Each structure stands twice: as structure tokens, then as C-alpha cells.
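Welcome! Here is a short briefing to read with the model open beside you. Take your time and find each part as you go.

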Amino acid sequence: MKEIRKKALLAALPRTVPVLTGFLFLGLAYGVYMQSMGFSFLYPLCMSIAIFGGSLEFVTVSLLMSRFAPLQTLLMALMIQARHFFYGLAMLDKYKGTGKKKAYLIYGLCDETFSLNCSAEPPEDVDRGWYYFFVTLLDQSYWVTGATLGGILGSLLPLNTEGLDFVLTAMFVVIFLEHWLKAEKHITHLLGAGVSVLCLLLFGADSFLIPTMLGIHLLLTAFRGRIERRRAE
Amino acid sequence: MSIPERILTIGICALATMLTRFAPFLLFSEKRKTPAYVEYLGEALPGAIFAMLVVYCLRSLPLLSGNHGLPELLAVGCTVAIHLWKRSTLLSIGFGTAAYMILIRLL
């Protein structure tokens, strides 16, 4: 048993190195950012363990800074994290028969872990379940370490962090741009941008999210036929 | 926001995340196929949502007053340019944020 686990860990470790750099860097930025907003390192520590979804954790900071709005928080979180649902669909088969580890594999299925576990098969003599387990665990430990370190270092170093909150904007700009570049048709991107700007103008910065999310769902559903035909062209 | 409200907010975010991660394993299997509408949303939703999140980040931009949101707009332009050039997520986020931090001190 010990041998099996060690072998799986050694197979998983090198494949997670790219995630190590990314998560440490972004995690640090996230921790320092939370600290600069007046939150102790306990916040990034707990949030990186409990939520474990980078983009939502960043957004949660701005939610924590505004008025308590549970419904908006729930809808926002569901929309941001909706893509995980489709990761799960893709992993139904792969995570079959992994026993008790399965609950943790699902809990830790973030973007990076999904892309690692979905794209590459473990070497043949390595136990699949334990391999997936260690990829998930290593990825999460990088993120938790980065976030917590950032929270601690941010308070120790005399940094002038004014403007660091732009890291959130830059991150979403890059995610959006990357998604745009990979897509063949951009109708849904434009639709999302249009509805968001319209609702922002109509409802104001504090309450435009819920109407935007409703609007996006309604329009995507209403124009489903047309959008699907366009995609098929 | 009070401490219990903060804990509740974080709890809701954690709960929503776990709902999205566990739901497919609870709802579907190889035998029960995913409904076409769900598959369609999986294709169509991300682009729209990422656009919404960019707007959300820039929601308080003072377009008509002060510096007219110039640092934000320039920094977004900088992020996009570096990303189109190098296509490296970390580099784009790093330089974009650095550009913003410099711009707000200059403008």
C-alpha cells in the first residue's frame, strides 16, 4: 500500500510543476490583496481550503467589502463556478472506481487539476486513483500555501500595495481574452458584454449583477436555436 | 459586514462551488445522458459570464469625472497587448497589474 502511494506521488509531482509556479504566484497576489483590504491571513487560508476556486475567491473579497447580499452571492458564485459542472461531466468515467478518495477528487476539481487529470493518463504501472488524488492534493497545497504566505508576508513587508486590486481585473481580462481567442464565434461573448453594460447603466454598480445574470440566461435560452446554428456553420 | 455575515458569505461561496462540482456525479452517469439544454449552456455560458466579470471589475469606473478611468483603461489595454504578444497568463496579469500600480501614481 505504501509502495503504491509513493509511486503515485512520484508520478504526480513532476506533472504539477507548472501549476506550482502559477498557483504560488497568483496565490501570493491573492493573499497580499486580501491583506491590503484589511483581512488577516486566516481569511485567505480558510477560503483557499473551503472554496478552492481562484477566480471566485478574488470576487468573494469584493463581495465581503460590500453590503451583505446572500442571494446575489449565491447566484454570482454559481455562475462563476458553473464551468466545474462540465468538468465533472468529463470526469465521470475517469473518477469511477476510485473508492473513498472520490469525494476529495470531486471537491478539489479546480481548473488546473481538471486539465491535468483530464488530459494526461498516469503511467501504466501507477495506481490511477492515487495518482489523481496526489495531483489534486498537490495542486491544492500550492494554492493554500501561496494564499496563506501572501496574507502573512503582506502584513510583514512595508509594501505600498495601492492598486494591487487590479490583479482581479487583469485576471478576468486574460481569461476572457483567452476564451475569445479560442472561440470561433463570438456571439455569446458580445451578448454577455452587452447585457452587462446595459444593466450597469440601468441598475447601477451595486445592483446590476442579478439582472445581468437573469438577462444572460434569458437571451441564451431565447436565441438558442440561432446560436447553435451559427456554431454549426 | 459583521463577522457572522462574512462567514456566511464565504460559506455560500463554498457551498455553491461544491454544488457545481458534485452535481454531475450525483445526477448523471454513463447510462443517464446529459440533457441537450445543459450541454448547450456549457458551451454558451462561459463566454458571456467572463464578459460579465470584466464589466463587474470595471463597474465603478469614473468615466465622466476625475481621471476618467484612464489608468484602468490603459492598464487593460496593456494587459491585452502583452497577452496577444506572449500568450502567457501569468506574464499578462503581472505586467498589467504593475502597469496599473505605476499609472495611478503618475496620472
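Chain A is built from twelve helices and zero strands, where helices (H or I, at least four residues) and strands (E, at least two) are DSSP runs numbered from the N terminus. This is a predicted model, in which local features need pLDDT of at least 70 and side-chain atom pairs count only at pLDDT 80 or more, while totals for chains, interfaces and linings use all residues; side-chain values use heavy atoms, with hydrogens and water left out. Residues are numbered from 1 along each chain as its sequence is written, with chains lettered from A and ligands numbered from 1 in the order in which they are written.

**Chain A as a whole**

- From the N terminus on, the elements of chain A run α-α-α-α-α-α-α-α-α-α-α-α.
- The C-alpha trace of chain A spans about 60 × 55 × 30 Å along its principal axes.
- Of the 233 residues in chain A, 50% are buried, a term for residues under 20% relative accessible area, with exposed meaning over 50% and partly exposed in between (1.4 Å probe, protein chains only).
- Among the contacts in chain A with a separation of 6 or more, 75% are between residues 24 or more positions apart; contact means heavy atoms within 4.5 Å.

**A look at helix H7 of chain A**

- In helix H7 (residues 111-119) of chain A, the buried residues are Thr113(A), Phe114(A), Leu116(A) and Asn117(A).
- An α-helix has 3.6 residues a turn, so residues three or four places apart point the same way.
- Which helices do the buried residues of H7(A) pack against? They are helix H1 (2-15), helix H2 (17-36), helix H5 (70-91) and helix H8 (128-156) of chain A.
- Asn117(A) counts as buried because its relative accessibility is 0%.
- Leaving aside neighbours within four places in sequence, Asn117(A) is in contact with Met91(A), Lys94(A), Tyr95(A), Tyr131(A), Tyr132(A), Val135(A) and Thr136(A).

**Where chains A and B meet**

- On the chain B side 68 residues are in contact with 91 residues of chain A.
- The size of an interface is often given as the accessible area lost when the parts come together.
- Here the area buried between chain B and chain A is about 7,000 Å², and carbon and sulfur atoms give 78% of that; buried area is the accessible area (1.4 Å probe) that two parts lose on being put together, summed over both.
- Glu43(B) forms a salt bridge with Arg231(A), and their closest N and O atoms are 3.7 Å apart.
- H2(B) gives the most to the side of chain B that touches chain A, with 21 residues.

**Aromatic rings**

- Over all chains, the structure holds 18 aromatic pairs: rings of Phe, Tyr and Trp (its six-membered ring) pair if their centres lie within 6.5 Å, and planes under 30 degrees apart count as stacked, over 60 as edge-to-face and the rest as tilted.
- Tyr95(A) and Phe25(B) form a stacked pair, 6.3 Å centre to centre with 15° between the planes.
- This pair joins two chains, because Tyr95(A) lies in the loop between H5 and helix H6 (101-107) of chain A and Phe25(B) in helix H1 of chain B.
- Both Tyr95(A) and Phe25(B) are buried.
- One aromatic cluster is formed by Phe23(A), Tyr30(A), Tyr33(A), Phe58(A) and Trp143(A).

Key:
Salt bridge = Lys/Arg side-chain N within 4 Å of Asp/Glu carboxyl O.
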